[in-house]
Amino acid sequence: MEERLFELKLKGYCCSQIITEICLEMMEMDSPELIAASEGLCDGARCGGTCGVVTAGLAVMYLANRDEAKKGMDMEFVEWFEGVFGSTMCNELLGDDPGAKSTKCPMMVEAALTWLADMMEWEC
């Protein structure tokens, strides 16, 4: 998975686009429009708000299985993310460190993809 993350990052994808693309691949779906639209979730919806990893993760979870997501899996994901990383807010996660996007974001993306694959029973 790490190689695929790097490949998409080199393509210019941000965190939310990487989550969307890889989850679509695991679901054996293709949606360039959804990947393009998920760019708006990058950098905490471009304003340091809720992390794009979280919002994209929720979006693909609902796409894959809306009923399970609504039964609490959505909040379980958010609580897991906050418990592991300390916040769901992009500006808090990255702080003032200009290199944090290069170090923290890939780690959060990979961890979230693993969590989503396990919970949704997808093959990585």
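Buried means under 20% relative accessible area, exposed over 50%, and partly exposed in between (1.4 Å probe, protein chains only). The model is predicted: local features need pLDDT of at least 70, side-chain atom pairs count only at pLDDT 80 or more, and totals for chains, interfaces and linings use all residues. Residues are numbered from 1 along each chain as its sequence is written, and side-chain values use heavy atoms, with hydrogens and water left out.

**Exercise 1.** Determine which cysteines the disulfide joins, and classify their accessibility.

*Solution.*
1. A disulfide is a pair of cysteine sulfur atoms within 2.5 Å. Cys-14 and Cys-42 are joined in this way, with an S to S distance of 1.6 Å.
2. The link of Cys-14 and Cys-42 is left-handed, with -50° about the S-S bond.
3. Cys-14 has a relative accessible area of 13% and is therefore buried; Cys-42, at 1%, is buried as well.

**Exercise 2.** Classify Cys-47 as buried or exposed.

*Solution.*
1. The relative accessibility of Cys-47 is 62%, so Cys-47 counts as exposed.

**Exercise 3.** Identify the salt-bridge partners of Arg-46 among Glu-39 and Asp-43, and state the distances.

*Solution.*
1. A salt bridge requires a side-chain nitrogen of Lys or Arg within 4 Å of a carboxyl oxygen of Asp or Glu.
2. Arg-46 meets Glu-39 at 3.5 Å, N to O, and Asp-43 at 3.0 Å, N to O.
3. Arg-46 is partly exposed, with a relative accessible area of 48%; Glu-39 is partly exposed at 39%, and Asp-43 is partly exposed at 25%.
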